[in-house]
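Me: I would like a close look at a single part of this model. Please keep the account plain and connected.

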Amino acid sequence: MANQTPLEDSPDTAAGEPAIRLVASCKLPTEWGVFTLHGFEEAATGREHVALTMGDLGDGTPVLARLHSECLTGDALFSLRCDCGPQLEAALAAIAAEGRGMLLYLRQEGRGIGLLNKIRAYRLQDEGADTVEANLRLGLAPDLRKYDIAAEMLVQLGVRALRLMTNNPRKIRALEKAGIEIAERVPLQIEPNPHNAGYLRTKRQRLGHLLAASGLQPDETAP
């Protein structure tokens, strides 16, 4: 299988039709506070995404925001192999503390490769590959995520300027290309653990994520 490359341009849709539409909204009480949950559906694929919002987002000032790609293992099954679950919780807590902000939860499991391929990649990582090598050995690009849909979700919610919680400069470039202003990058680094330090080190060294080196030095005793 040839390596796939991510697409950052808008998906093909009929002239004048939005690529994604807002279907329904409701209140969502959480341990951090009450958010409004908005459900979106892609026109071309039927894929579903959600946004959680809090406070008045329409006053024109940049909104504290997180674009979070789905991670079943980290978000729901409490995996220590990645930093996704703690990042999700930290972002929701930060929004609630400020009383205003949003989190877009995007259905892009495993950096876009899907759940089963992610499990295959994890098996290769068990055998010693890092996260980039594992994807390449499966014939997949290291990161297949797209953010054009996220930009359209933001626009439909009346948001065009963000204080973006991210360590990934690719997200910033993709959103800016789609016409979203990034007024500030807010770091969202989670303390590494013995199971994900290598994963975070690979994100920093091979994927260009803006992570501090502290705690990510090679451990000669690690498997």
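Is Leu115 buried, partly exposed or exposed, and what is its relative accessible area?

Reply: The model is a predicted one. In it, Leu115 is partly exposed, because its relative accessible area of 32% lies between the 20% under which a residue counts as buried and the 50% over which it counts as exposed. Leu115 is placed in helix H3. Together with Leu72, Leu77, Leu116 and Ile119, Leu115 makes a nonpolar surface patch of about 450 Å². Helix H3, which spans residues 115–126, gives the most to this patch, with three residues.

Strand E5 is another matter. This strand covers residues 101–106, and six of its six residues are buried, so E5 is largely enclosed by the rest of the structure. The burial holds on both faces of the strand: Gly101, Leu103 and Tyr105 point one way, Met102, Leu104 and Leu106 point the other way, and all are buried.

E5 also has strand partners. Strand E3, residues 48–54, is joined to E5 by five bridges, and the two run antiparallel. In this pairing, Ala51 stands opposite Leu104 of E5. Strand E4, residues 63–69, pairs with E5 over five bridges as well, but in the parallel sense. Here His68 stands opposite Tyr105 of E5. Leu104 and Tyr105, the E5 residues named in these two pairings, point opposite ways from the strand, and both are buried.

Methods: Residues are numbered from 1 along each chain as its sequence is written. This is a predicted model: local features need pLDDT of at least 70, side-chain atom pairs count only at pLDDT 80 or more; totals for chains, interfaces and linings use all residues. Side-chain values use heavy atoms; hydrogens and water are left out. Patches are made of residues with over 30% relative accessible area and no salt bridge: like charges are joined within 9 Å, nonpolar side chains (Val, Leu, Ile, Met, Phe, Trp, Tyr) within 5 Å. Accessible areas come from the Shrake-Rupley method with a 1.4 Å probe; for residues, only the protein chains shown count as cover. A salt bridge is a side-chain nitrogen of Lys or Arg within 4 Å of a carboxyl oxygen of Asp or Glu. Helices (H or I, at least four residues) and strands (E, at least two) are DSSP runs, numbered from the N terminus. Buried means under 20% relative accessible area, exposed over 50%, partly exposed in between (1.4 Å probe, protein chains only). Two strands pair if DSSP finds at least two bridges between them.
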